[in-house]
Amino acid sequence: MDLLSFGKTGWGDELFYATLMTIAVAVTAMLIGFLFSLIFTPLKLSNNKFLNFIGNTYTTVIRGVPELLVIYLFFFGGSGAIMYVASIFGYFEYIEINAFITGSVAIGIISGAYSTEVFRGAIQSIDKGQFEAAKVLGVSKFVKFYKIILPQMLRLAIPNLSNVWQITLKDTSLISVTGLVEIMRQSYIAAGSTRDPLFFYSFAAVLYLILTFLSMKLINRLEVKYSRGF
């Protein structure tokens, strides 16, 4: 266990900070995913064919393309796109996007595609009589969403959002290709330095299992809370 000690002789402190980075990326990506789902869920549910096409294209393409490829496209394509725009204004130096931002946005877009489908399914599962009753009573759109749709949607969506969270958490391991030091990247560095890959990769698996277990316990509590209503 000397390899996991804190200080100059062990890798415990490096792995601790790498775990915090993994959590930070996962949480940021999940929040970005929620923002994307807020945009694309109404498009998926829209009666307008063009808007519906945009929503379907987003979820179909992102879920159909490997996650690693999406990260590569953002990491390399993002810098190229920004450099192209900068060249229009006369700036021709190399511009590199922050690895944390690149990884969080890329994984957030992936998370958003899955979250969009979860929210779409949850809203469509709500009894249509709820919407008709709100319309008959003359309830405002804000009150209808906050008091009628949102509580029922969360009750139906949270169990599936737990799966999205697990996907998002595990996808953080892919951003090691951008050079961001999270659990997998730090495990790779430690394994190469000590020439003990089995130990460090096994420990990385344990860290992911702990994070998944703790987060699932929290999500289960939320599920129980919202199953009883606000």
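Predicted model: local features only at pLDDT ≥ 70, side-chain atom pairs only at ≥ 80, totals over all residues.
Student: How much space is in the largest pocket?
Tutor: The largest pocket holds about 1100 Å³.

Student: Which residues are closest to its centre?
Tutor: F119, L150, M153, L154 and L161 are the closest, out of 31 residues that line the largest pocket.

Student: And which elements give two or more residues to the lining?
Tutor: Those are α1 (12-45), α4 (99-125), α5 (128-136), α6 (141-171) and α8 (197-227).

Student: Which one gives the most to the lining of the largest pocket?
Tutor: That is α6, with 11 residues.

Student: What is the lining like by class?
Tutor: The lining of the largest pocket has 23 nonpolar residues, five polar and three charged.

Student: Switching topic. Where does UniProt place the feature "transmembrane region"?
Tutor: The UniProt record, an unreviewed entry, puts that feature at residues 15-40, 69-92 and 198-219.

Student: What is the chain over residues 15-40, helix or strand?
Tutor: Residues 15-40 are 100% helix and 0% strand, with the end C-alpha atoms 37 Å apart. Residues 198-219 are also 100% helix and 0% strand, and there the end C-alpha atoms lie 31 Å apart.

Student: Back to helices. At what angle do α1 and α4 pack?
Tutor: The angle is about 45°, and the axes of α1 and α4 are 5 Å apart. Because of that angle, α1 counts as oblique to α4.

Student: Is the crossing of α1 and α4 left-handed or right-handed?
Tutor: The crossing is right-handed.

Student: Which classes make up the contact of α1 with α4?
Tutor: That contact has 16 nonpolar, 11 polar and three charged residues.

Technical notes: Residues numbered from 1 in each chain as written. Heavy atoms only, no water. 1 Å grid on protein atoms, 1.4 Å probe; cavity = no way out; pocket = protein on both sides within 12 Å on 5 of 7 lines; lining within 4 Å. Points joined across faces, edges and corners; volume = space filled by probe spheres on them. Helix = DSSP H or I, 4+ residues; strand = E, 2+ residues; numbered from the N terminus. Nonpolar A, V, L, I, M, F, W, Y, C, P; charged D, E, K, R; others polar. UniProt positions renumbered as here; feature names shortened; annotations may be inferred. Axes fitted to C-alpha atoms, helices over the stretch in contact; angles between N-to-C directions. Parallel < 35°, antiparallel > 145°, perpendicular 65-115°, else oblique. Left-handed = near helix turned anticlockwise from the far one by under 90°.
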